[in-house]
Amino acid sequence: MRAWLCDNPVGVDALNWKELPTPQPGAGEVLIEIQAASLNFPDLLIVQNKYQMKPALPFVPGSEYAGVVRALGDGVKGLQVGQTVACLSGTGGFGTHTLAPAKLCMPLPAGFPAVDAAAFIMTYATSHHALIDRGQLKAGETVLVLGAAGGVGTAAIQIAKAVGAKVIAAASTDEKCALCKAQGADATINYSAENLRDALKALTDGKGPDVIYDPVGGDLAEPAFRSIAWRGRYLVIGFAGGPIPQLPLNLPLLKGASIVGVFWGDFARREPQANAAMMGELAQWYAQGKVKPVIDRTMPMSELKAAYARMGSRAVMGKLVMVN
Ligand SMILES: NC(=O)c1ccc[n+]([C@@H]2O[C@H](COP(=O)([O-])OP(=O)(O)OC[C@H]3O[C@@H](n4cnc5c(N)ncnc54)[C@H](OP(=O)(O)O)[C@@H]3O)[C@@H](O)[C@H]2O)c1
């Protein structure tokens, strides 16, 4: 097997595409032959030692992938050799094979291709948990999605439309805004060219969005929060823009609004039954064509460094997927 090995987490340049012995699964594990692995923002942070999870060295990055089960460890039930699965295990995906805990593997129904499956769990679960559970988004309400052409952003557009909300998608280029429109956004704002507050006022008759979905942070957070509607919910998803914003606490008071933290990974660990029910609904929505990952492009696994550069330069629209 081959895999991208990180033995010094100082950035992408230090990764090596290495030949390694193919491992045998231990108890509760399966060996997966990886067909596709997607890039998520944490994959960029983890190789720089900037992510909350710090794996023991050396490790293979690649949080999310799909492939075929090739061997079962002792005690594994409910999975079979030859079955196709998707898995979000945090590491291991950027290679040809990996060992994964069997309990994290989701068997794929027929008609769920590996490229879509590798680009599904993290973004759709985060956006569903954020908008529907934490944000209590209802049909007829208006949601503002920041960084809307990114991985979690495109999933958020589709999920908000699936529940009947009006979507204002905001992104940094006209090309990204056009992609958001094609994904069903009712209106778009290019925040590199337009004043976010003025545009939101115009698009909501001065009322502001009921829910704000923010995976970007930085300088966008305060003007966005100042525009929120009465009883609005501001969903804190992430800080892809860099700095963690500081909000004056008089702002939620003045709007009767809530700042709502979203941490899907811990939700899945702490509330596994609720998470399983949510994943079931998402799989159903995929089968019904209500949601479908936007694939920026696929690239050969050996070109991971170029893929990281594309993500780091803010060029990706939707999800970038590495394939074997
Ligand atoms: N809370 C949770 O449970 C959870 C779960 C998954 C992900 N996240 C977080 O959500 C965020 C987005 O993840 P993602 O996988 O959707 O990433 P992504 O596909 O790269 O999208 C991030 C978006 O952020 C914007 N951005 C602004 N400044 C940027 C910069 N300096 N570098 C890169 N992007 C920048 C870009 O949109 P524009 O160019 O249009 O501004 C980009 O499309 C990350 O912070 C991630 O850690 C949180």
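Which elements do the buried residues of α6 pack against?

1. The structure is a predicted model, in which local features need pLDDT of at least 70, side-chain atom pairs count only at pLDDT 80 or more, and totals for chains, interfaces and linings use all residues. Residues are numbered from 1 along each chain as its sequence is written, and side-chain values use heavy atoms, without hydrogens and water.

2. The buried residues of α6 pack against β8 (142–145), β9 (166–171), β10 (187–190) and α7 (221–226); contact means heavy atoms within 4.5 Å. Helices (H or I, at least four residues) and strands (E, at least two) are DSSP runs, numbered from the N terminus.

3. Helix α6 spans residues 196–203, with Leu196, Ala199 and Leu200 buried (under 20% relative accessible area, 1.4 Å probe, protein chains only). These residues lie on the same side of α6 because they cover an arc of only 100° around the axis, taken from the directions from the helix axis to the C-beta atoms.

4. At the start of α6, a side-chain oxygen of asparagine 195 comes to within 3.0 Å of the backbone nitrogen of arginine 197. Just after the helix, aspartate 205 has a positive phi of about 55°.

5. An oxygen atom of the ligand lies 2.8 Å from a polar side-chain atom of arginine 314. The protein covers 89% of the 900 Å² of accessible area that the ligand has on its own (Shrake-Rupley method, 1.4 Å probe).

6. Both α3 (121–134) and α4 (151–162) supply at least two residues each to the shell around the ligand.

Technical notes
Buried < 20%, exposed > 50% of the residue type's maximum accessible area, 1.4 Å probe, protein only. Polar contact = N/O pair within 3.5 Å; in protein donor to acceptor, adjacent residues only side chain to side chain.
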